Amino acid sequence: MEEALHRDEVALKVRELLAETLHRDVAGISLDDRLEDLGVASIDLITLVFELEDAFGRTLEDEDIAGLTTVGSVVDFLVAGGAGGVDD
């Protein structure tokens, strides 16, 4: 059975990964920020997706990623279980 993710922990990790990927200060990234406004380019998004999948054991499919527009939407998606769920 998959371990539930706590929103605060996920939010911090997502913000840390974004900060690392974008070479920014984590304090300057909020849940309301749009990924586009943060300057997330397609190559950054690919890197971020791999990092998120590794960190949370969730699978992010292309169609899911397209709907993730803010930092908060990424967090909510991961907390909800992502697309990967418990297929094993």
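Visitor: Which residues are linked in a network of salt bridges?

Guide: R34, E36 and D37 are linked in that network. A word on the source: this is a predicted model, in which local features need pLDDT of at least 70 and side-chain atom pairs count only at pLDDT 80 or more, while totals for chains, interfaces and linings use all residues. Residues are numbered from 1 along each chain as its sequence is written, and side-chain values use heavy atoms, with hydrogens and water left out.

Visitor: What makes R34 and E36 a salt bridge?

Guide: The rule asks for a side-chain nitrogen of Lys or Arg within 4 Å of a carboxyl oxygen of Asp or Glu. For R34 and E36 the N to O distance is 3.1 Å. That is within 4 Å, so the pair counts. R34 also forms a salt bridge with D37, where the closest N and O atoms are 3.8 Å apart. By this rule the count comes to 3 salt bridges.

Visitor: Why can such side chains pair at all?

Guide: Side chains of opposite charge can pair when their charged atoms come close.

Visitor: Why is E36 called exposed?

Guide: Exposed means over 50% relative accessible area, buried means under 20%, and partly exposed lies in between (1.4 Å probe, protein chains only). E36 has 59%, so E36 is exposed. D37, at 57%, counts as exposed too. R34 is at 35%, so R34 counts as partly exposed.

Visitor: Which parts of the chain does the salt bridge of R7 and D76 tie together?

Guide: The side chains of R7 and D76 meet at 2.7 Å, N to O. R7 lies in helix α1 and D76 in helix α5, so the pair ties together parts 69 residues apart in sequence. R7 is partly exposed, at 36%. D76, at 39%, is partly exposed as well.

Visitor: How many helices and strands are there?

Guide: The chain has 5 helices and 0 strands. Both are DSSP runs numbered from the N terminus: helices are H or I with at least four residues, strands are E with at least two.

Visitor: What do the buried residues of α1 pack against?

Guide: They pack against α2, α3 and α5. Among these buried residues are V10, V14, R15 and L18.

Visitor: What makes a group of residues a nonpolar core?

Guide: Its members are buried Ala, Val, Leu, Ile, Met, Phe, Trp, Tyr and Cys residues, joined through side-chain atoms within 4.5 Å. The largest such core here has 23 residues. V14, L18, L52, L60 and L78 have the most contacts inside this core. α1, α2, α3 and α5 each supply at least two of its residues. The largest share, 7 residues, comes from α1.

Visitor: Which residues does L18 touch?

Guide: Leaving out residues up to four places away in sequence, L18 touches I29, L35, L38, V40, L48 and V71. Contact means heavy atoms within 4.5 Å.

Visitor: How many residues does the chain have, and what share is buried?

Guide: The chain has 88 residues, and 38% of them count as buried.
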